[in-house]
Amino acid sequence: MTMQDPKETEAELVAAVTGAETLEALEQVRVAAIGRKGRVTDLMKSLGAMTPDERRTAGPLLNGLKDRISTAIDTRRAELEEAALEARLQEEHIDLTLPTRPEMVGSVHPVSQVTEEIIAIFADMGFTLAEGPDIEDDFHNFTALNMPPEHPARQMHDTFYLSGEQDGTRKLLRTHTSTVQIRAMMSQPPPHRIIVPGRTYRSDSDITHTPMFHQVEGLVIDRTTHMGHLKGCLIEFVRAFFDVDDLPYRFRPSYFPFTEPSAEMDIGCARSDGELRIGAGDEWLEILGCGMVNPRVLENCGIDPNEYQGFAFGMGIDRIAMLKYGIPDLRAFFDSDLRWLRHYGFSALDVPTLAGGLAR
Amino acid sequence: MKFTLGWLREHLETTASLSEVTDKLTALGLEVEHLVDPAEQLSAFVIGEVVDCTQHPDADKLKVCKVDTGTETVQVVCGAPNARNGMKGVFAPPGTVVPGTGLHLKKAKIRGVESSGMLCSERELGLSDEHEGIIDLDADAPVGRPFAGYAGLDDPVIEIKITPNRQDCLGVDGIARDLAAGGLGQVISRRPETISGSYESPIGVARRLDGTEEACPLFVGRYVRGVKNGPSPRWLQDRLRAIGLRPISALVDITNFITFDRGRPLHVFDAETIAGGIHVRLSRAGETLLALDGREYELDDYVTVIADDDGVLAMGGIIGGESTGCTEETQNVFIEAALFDPIRTAMSGRKHNLISDARYRFERGVDPDAVFAGMDLATQLVLELCGGEASELVVAGAVPEWQRQIELRPARIHQLVGLDVPEDKCLKALAALGFGAAPHSGGVRVNIPSWRQDIDGEADLVEEVARIVGYDKIPTVPLEKDRAVTLPALTAVQRHRVAARRTLASRGLQECVTWSFMPQRFAVPFGGGDPALGLLNPISADLDTMRPSILPNLITAAARNVDRGISDLALFEVGPQFQDDTPEGQSTVAAGIRLGHAVPRNWNTPARAADPFDAKADALAVLSEIGVPVDKLRVVPDAAPWYHPGRSGTLRLGPKTILAAFGEIHPRVLTLLDCEGPCVGFEIHLDAVPQPKREKSTNRGALDVHALQPVDRDFAFVVAETVPAADVVGAAIGANKKLVADAAVFDVFSGASLGDGMKSIAVRVRLQPTDQTLTEAEIESVASQIIEAVTKATGATLRSA
């Protein structure tokens with residue numbers, strides 16, 4: 001057999017490789033060239049029949065040919081694969097301006113969020129959470145709090161009464177969370193340091209009043225706590241809660257039957273363009289009522305007022321939520337309007353902590 | 001309580017400015033609620049003179065006036081019929097806001113003639129309703145001067161909030177006393193002269209109280225004959241007008257004045273209308289009184305009344321009667337000054353829904369020692385303003401014992417409020433308030449003045465000293481903590497509520513806070529409506545009973561949202577519900593509903609309505625989050641009757657503890673609540689969740705994992721439709737406790753091929769070898785055990801492929 005010039009063979013095979021338009025065609029070229037019965041393989045086989053001298057020259061020649069063809073095939077394969085990937089990527093194009101699959105996004109009510117904020121601050125001052133029933137009796141809501149029957153302050157409470165009657169007295173819906181002061185002091189010996197957030201009720205309904213609202217009560221009873229501590233505690237609270245470090249404040253004498261001396265606390269605010277801003281300004285905003293627990297209340301709970309003393313305070317949770325987050329209408333808190341809940345609600349994962357800060 | 005600065009200065013000699021006065025009032029606990037300074041409101045209005053007045057060229061009713069304002073002469077177009085040359089009036093320049101109309105004045109052309117300002121009527125200044133013409137001042141009015149000062153309208157009106165204990169400040173004299181004690185000046189004593197009278201009163205007084213003498217401890221009367229009633233003088237009218245009272249006649253105005261000036265209500269009867277003598281007694285059921293407010297009151301047997309031989313003349317301490325009121329013709333009067341029981345006054349006023357300045361004072365307790373002084377002041381003013389001749393007093397009853405002493409330990413001031421007040425300063429403060437205080441065996445013995453019936457104990461005296469010294473002087477002391485790092489503030493139950501709330505919000509539900517009450521008719525189908533939980537005085541018929549469940553409130557909230565155009569809803573609430581009126585009858589529940597789509601229409605995945613499995617998932621998610629071993633829960637189809645009987649269940653831990661209910665809400669209930677269903681819901685009884693043991697370790701135990709690969713085998717069982725899938729799965733898991741690690745349903749279907757009333761449940765069972773890889777024979781053996789167990793438990797047959 002006459003051996004074809006290897007150079008010619010190479011040129012033909014290289015042309016076939018580069019001419020292969022698909023991976024399948026390239027594979028055919030490969031089989032035809034360096035497969036078991038391929039042309040280059042055949043040539044390699046012919047080496048066996050050669051003399052050592054011939055082999056010494058033909059060997060490297062044919063090996064070189066095989067390597068170059070292999071390389072050419074690999075290169076072409078890479079090219080074709082790259083082109084195929086490009087084509088696939090082109091084909092796989094999708095419109096990512098389309099929206100994601102729908103997910104429902106929930107929210108936490110401002111009253112809950114603010115209650116947790118309040119708890120975070122007072123917990124840091126060593127208070128623990130206490131609670132009591134919404135349906136109360138006359139003793140816990142009034143009498144024990146130094147409001148005997150016919151006390152004029154009782155009339156200011158617009159109390160809801162229940163229909164059922166027992167021993168000539170009617171149950172009522174607590175008008176304040178101060179009831180839990182009594183429950184705490186009667187169930188445990190001093191000292192006490194508790195806060196009591198909860199629902200409270202008054203038969204009042206207009207733009208700024210709802211028949212149900214939320215209050216948080218605080219109570220500190222020990223041997224030494226005085227009104228200076230009351231100021232210290234509440235100033236810390238309002239500054240942390242409103243996140244205004246230099247928040248102006250003032251304490252005014254006031255009257256509550258269950259505290260003596262009594263005070264109301266005002267904080268500074270400014271109004272501009274109908275927007276209220278908590279902080280330095282030319283106006284005062286009443287924020288809470290407080291005072292030293294009236295000795296009569298301590299006596300009513302079996303605590304000796306000459307031995308123990310302390311302070312109590314109460315404030316509206318809904319109200320401070322409105323002030324902090326600029327929520328205009330109290331009634332909307334209880335209307336469950338989804339648009340309102342979405343706008344004023346808080347993220348499920350936004351758990352208030354002092355470490356993470358309380359302003360959102 | 002309203003008064004003016006000028007009025008206050010009648011009782012207080014002071015150089016303090018208005019803002020010093022108002023600041024001090026608030027600092028003393030007499031919180032200033034409103035402050036109106038008319039001078040400020042009227043500051044732009046000056047006295048002007050019309051120096052030229054001609055007809056407007058293009059308008060019959062208008063005049064063109066040249067007005068000298070004291071600084072310039074301006075042209076004003078004016079429509080008032082009384083505008084004329086040489087008159088003096090009140091001029092407002094452009095830029096002024098006219099208080100009576102709210103109009104913002106601008107330079108304007110009126111029918112082509114320039115007008116720079118306005119000549120004002122009384123109505124425009126907010127002084128009266130007079131609008132016939134512009135204000136026509138006296139010829140000697142000084143041109144250019146502010147009108148407010150000229151007209152005496154520059155007395156600032158102060159309104160303070162009086163706390164229920166401070167009846168002593170319901171008169172201007174009491175307010176002056178507090179301010180003087182607070183260091184703002186000296187009290188001007190205006191104690192009236194004692195008037196003895198020159199003849200015996202033809203009208204006698206008596207108390208006929210028969211055992212209820214406390215209703216009116218003291219009744220004092222005096223006859224004044226020959227009076228002439230008419231309008232009261234300007235100063236008196238101004239006082240009353242400034243605080244919003246309408247002057248009526250001198251005799252009436254005098255009693256109103258003393259009510260506000262001294263906190264001492266009085267009454268003046270037209271003596272000619274009284275039949276026989278006057279007596280105080282309790283009303284008799286059925287008696288009526290046509291009162292001075294024009295309303296007729298039907299009385300029961302409780303009200304303290306002033307009566308004559310013919311019947312009731314007045315409700316004591318509350319309101320007088322129309323028939324005995326003074327008129328322009330009144331010639332002889334009978335003045336009453338008395339003490340009425342605060343409680344009876346309050347109850348009577350409340351019962352008859354009657355609010356008056358007298359009731360407001362008597363129900364807080366007026367000064368028991370000021371009855372005679374009040375009578376003397378009233379007599380003096382009647383004689384001054386109306387003339388006449390006063391009789392001797394007629395008196396029934398006596399001044400009640402009011403003298404009291406309280407011991408004050410000065411050290412208590414520091415103990416309770418943290419203020420260091422030297423004893424002399426303390427005594428001085430008390431003395432300024434009228435408390436006689438004298439050192440006494442280590443303490444101070446304090447005499448309580450008659451006007452401070454509110455002072456109840458030592459702590460009240462501490463407050464008096466503290467408010468005079470100033471709450472701002474109380475040092476600010478940080479509240480000390482027992483330890484640097486705070487202990488947990490929440491109990492496990494309290495933490496569960498937070499976790500439930502945040503879990504549900506994270507699952508796409510919106511937290512609501514709804515009323516604790518609801519309409520009775522909605523409560524009944526939810527097991528509520530117990531009369532003992534009904535409200536005696538609901539704010540509206542729709543909120544008349546305590547809620548037995550949160551669900552109805554959420555469902556009606558959802559319906560309201562649907563009406564607003566939002567139809568896919570997921571709402572929840574964590575709050576109380578009420579089974580009875582005891583503390584134990586209240587429990588905390590996390591309840592939620594889903595209405596409309598769980599997956600709304602979208603381009604990518606099929607839309608899907610919310611179904612009971614969504615509610616089940618919500619309930620399980622919460623229970624899992626709060627530490628309930630949810631794999632141990634059983635679903636029992638016995639949810640409450642407000643759920644769909646075939647599409648609801650309870651989640652139970654053990655045989656008894658029901659932790660939650662869930663399912664579709666009963667269609668009949670939805671119809672009642674006016675909500676278009678279907679709607680699914682859940683109720684998680686947070687209080688029923690078992691509490692972790694206190695000593696429970698935080699150790700989570702070792703992780704139990706196996707090196708050997710698990711083997712999954714699928715089985716399809718044909719069972720009756722009534723067989724719960726949980727029974728099939730339970731039997732499969734129980735078949736070989738050593739090897740079966742888990743079993744899960746992956747397909748359920750029913751069809752004709754299975755036969756009537758049958759269904760196929762396909763279960764994937766995972767086998768977990770622990771010692772060595774399972775052989776095919778071992779796997780087959782377990783498979784047979786599983787089939788046998790499921791067949792035995794449920795009557796299942798293995799479905800042939």
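Predicted model: local features only at pLDDT ≥ 70, side-chain atom pairs only at ≥ 80, totals over all residues.
## A walk along the interface of chains A and B

As for labels, residues are numbered from 1 along each chain as its sequence is written, chains are lettered from A and ligands numbered from 1 in the order in which they are written, and side-chain values use heavy atoms, with hydrogens and water left out.

Who takes part in the meeting? Chain A brings 95 residues to the contact and chain B brings 97 residues, where contact means heavy atoms within 4.5 Å. The rule finds 11 salt bridges across this interface. A salt bridge is a side-chain nitrogen of Lys or Arg within 4 Å of a carboxyl oxygen of Asp or Glu. The idea behind such pairs is that side chains of opposite charge can pair when their charged atoms come close. There are also 48 residue pairs in polar contact across the interface of chain A and chain B, both residues being at pLDDT 80 or more. On the side of chain A that touches chain B, you'd find 44 nonpolar, 27 polar and 24 charged residues.

Now zoom in on Arg501(B), which sits in helix H14 (residues 492-506) of chain B. Helices (H or I, at least four residues) and strands (E, at least two) are DSSP runs, numbered from the N terminus. Arg501(B) has a relative accessible area of 11%, so Arg501(B) counts as buried; buried means under 20% relative accessible area, exposed over 50%, and partly exposed in between (1.4 Å probe, protein chains only). Leaving out residues up to four places away in sequence, Arg501(B) touches Val108(A), Ser112(A) and Glu116(A) from chain A, plus Glu511(B), Phe572(B) and Val574(B) from chain B. With Ser112(A), the side chain of Arg501(B) makes a polar contact of 3.1 Å. A polar contact is a pair of N or O atoms within 3.5 Å; within protein, one must be able to donate a hydrogen and the other to accept it, and residues adjacent in sequence count only if both atoms are side-chain atoms.

Arg501(B) also forms a salt bridge with Glu116(A), their closest N and O atoms being 3.5 Å apart. Glu116(A) lies in helix H5 (residues 110-124) of chain A and Arg501(B) in helix H14 of chain B, so this pair joins two chains. Both Glu116(A) and Arg501(B) are buried.

Helix H14 has another link to show. Arg497(B) and Glu131(A) meet through their side chains in a salt bridge (3.0 Å, N to O). This pair crosses between chains too, running from Glu131(A), in the loop between strand S1 (128-129) and strand S2 (135-136) of chain A, to Arg497(B) in helix H14 of chain B.

For a pair inside one chain, look at Glu664(B) and Arg647(B), whose salt bridge has its closest N and O atoms 3.0 Å apart. Glu664(B) is in strand S36 (residues 657-665) and Arg647(B) in strand S35 (residues 643-653) of chain B, 17 residues apart. Glu664(B) is buried, with a relative accessible area of 10%, while Arg647(B) is partly exposed at 46%.

Finally, visit His56(B), in the loop between strand S4 (46-55) and strand S5 (63-68) of chain B. His56(B) has a relative accessible area of 3%, so His56(B) is buried. A polar atom of the His56(B) side chain lies 2.9 Å from the backbone nitrogen of Asp58(B), and one lies 3.5 Å from the backbone oxygen of Arg111(B).

Key:
Nonpolar A, V, L, I, M, F, W, Y, C, P; charged D, E, K, R; others polar.
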